[in-house]
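I opened this structure to look up how its side chains pack. My notes follow.

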Amino acid sequence: MRILNRLKIKAKLGLVLAISALSLTATIVLGAYLLHHKIVGDREEQTKRLVEVARGIVESWYDKAKSGTLTQEQARHGAIAALRSLRYGTNEYFFIQRYDGVTVLNPNRPELEGKARWDATDPDGVPNVRLQIEAARSGGGFVYYRFPRVGANAPLPKVSYATGFDPWQWAICTGVYIDDIAAEFLRTLAKLVVIASAIFGIATVFAYFVNRNISDALGQLKVQMHRLAAGDLAVEIDEAERKDEIGEMGKAMRVFKENAIAARLLEAEREKRRELEMAMNHAGRVDALGRLAAGIAHDLNNALVPVLAMTKIVLSRLRKESREHANLELALMGAGRARELVQRILAFSRKEAVEQREFDLAPIVADGIRMLRASFPPSINLDAKVDAVPTIYGDPGQLNQVLVNLVSNGAQAIGDKPGTVTISLGADGDGRVRLAVTDTGCGMDEATRARMFEPFFTTKELGKGTGLGLSMVHGIVTAHGGEISVQSARGKGTRIDVVLPAAQRRKADAA
């Protein structure tokens, strides 16, 4: 069913119409077949009943001969005379073939009577006389062949039924022409096609209006979502008044809009609070920030506990090779990173030193790439080349923040356009490790590049950045004894290189 996710609504409705048309065509074909079969079956049943009546007449004459009232010859002549005068339908008649192939009775073609016609065939080579006799001797059966009407030369399709009368060695037969079946069948089929075409036409018109109703509404929602994503909080979402699923989408967008307005107001309030805190002395600001961070961290830690627990429970119930298992592993990894961040906030609020240790940076970078790739839009391609590198000494969580900040900044520089963020990790020689992040975004001019690591400096719109991310990156890299360099130009993208000393080099420098 995944292929349906790639089709637009117009294509899906067209697919439904095509399937309906095929179903309707199949129904017509099946109905036509059953109709033809029924008409032919009715004709066959009619001939069979008539032959049974004729056989009853022959038996009545035979009984007269058995009783001694008539001789066998008189009884046969009486039966032939009785059947010769019988007519039904459009001058249809009964005829008799003897088992040896001699025609005993043919009222419409009396010149055939008394002639041996065992090898007689119709224009198609069908030995109709022999087949009728064989059917009669085997208990009765139908024979299809062509034979001209009385007074005409053109042979027409006909079906006959033959039953045997063994005492006189007779095959008693009658037949009806079936050339009118085709005409009747075509008339009925034409009616079915007209009715089906009318139904399909009505369905097509209805589908067109449904498509217009859905596509136009979704098109409006798309425009409004783009405006909302661009920060236009004055956009009106009229589709929320609908009573269908599109109306539910519109209501959800209204919630997004209200949340965005609340977030903007909250950000403005935070900015006022930040300006006030900056006016206070440094010691008081840090102390207040520590208390605030501790409270938030405790709440976040409490909120993360059920997330981690329930995710692990669901993971245990899923097959490891399933996509859902892989997605939940990413979610669990992200929640774990968040918990580590909470612990660092708590440590900061208690003025405790962050514990550093020796570790391999390659798995940290690989895990961070997996998590980032899952959160990026399809328009941004994330390329990575992670080589084996020497171990380094430091805090894995802080270096993961460095990676996330640099890659996220690269993605934000690309924006809504298609682009690529490239991550590479490798040994840099002389006991150092190099982490490089390159993007194809808008790039920076010289003035912006000179100030990019200043706290609170940002070129982003209100609500899209605080200016603390790159200053934090610079502080973490410096605390780990590393260096950071930037190459960028307006319209040519940006490359940021982080060079960190390996654990052995730091130990040697310390010694």
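Predicted model: local features only at pLDDT ≥ 70, side-chain atom pairs only at ≥ 80, totals over all residues.

**Packing notes**

Beyond its neighbours within four places in sequence, Val407 is in contact with Leu372, Phe376, Leu382, Val421, Ile423 and Val437.

I then looked up the second, separate core. It has 22 residues, including Ala75, Leu83, Tyr88 and Val104.

Back to the largest nonpolar core, which has 36 residues. Which members touch the most others? They are Leu361 and Val407. Several elements give two or more residues to this core, among them α9 (361–375), β7 (380–386) and α12 (469–479). Helix α10 gives the most, with 7 residues.

Next I checked the aromatic rings. I found 8 aromatic pairs in the structure. Tyr62 and Phe165 have ring centres 5.4 Å apart and planes at 80°, so I noted the pair as edge-to-face. The two are 103 residues apart: Tyr62 is in helix α2 (residues 9–66), Phe165 in strand β4 (residues 155–165). Phe165 also pairs with Trp168, with centres 5.4 Å apart and planes at 75°, so this pair is edge-to-face.

Is Phe165 buried or exposed? Phe165 is buried, at 3% relative accessible area. Trp168 is buried too, at 6%. Tyr62, Phe165, Trp168 and Trp170 form one aromatic cluster.

I also looked for charges over rings. The charged end of Lys64 sits over the ring of Trp61, 4.1 Å from its centre. Arg149 lies over the face of Tyr177, 4.3 Å from the ring centre.

Last, I looked up Gln224 in helix α5 (residues 179–229). Its relative accessibility is 6%, so Gln224 counts as buried. Leaving out residues up to four places away in sequence, Gln224 touches Val235, Glu236, Ile237, Asp238, Glu239 and Met253.

How values were computed. Residues numbered from 1 in each chain as written. Heavy atoms only, no water. Core = buried A, V, L, I, M, F, W, Y, C linked by side-chain atoms within 4.5 Å. Buried < 20%, exposed > 50% of the residue type's maximum accessible area, 1.4 Å probe, protein only. Helix = DSSP H or I, 4+ residues; strand = E, 2+ residues; numbered from the N terminus. Contact = heavy atoms within 4.5 Å. Phe/Tyr/Trp six-rings, centres within 6.5 Å; stacked < 30°, edge-to-face > 60°. Lys NZ or Arg CZ within 6 Å of the ring centre and 35° of its normal.
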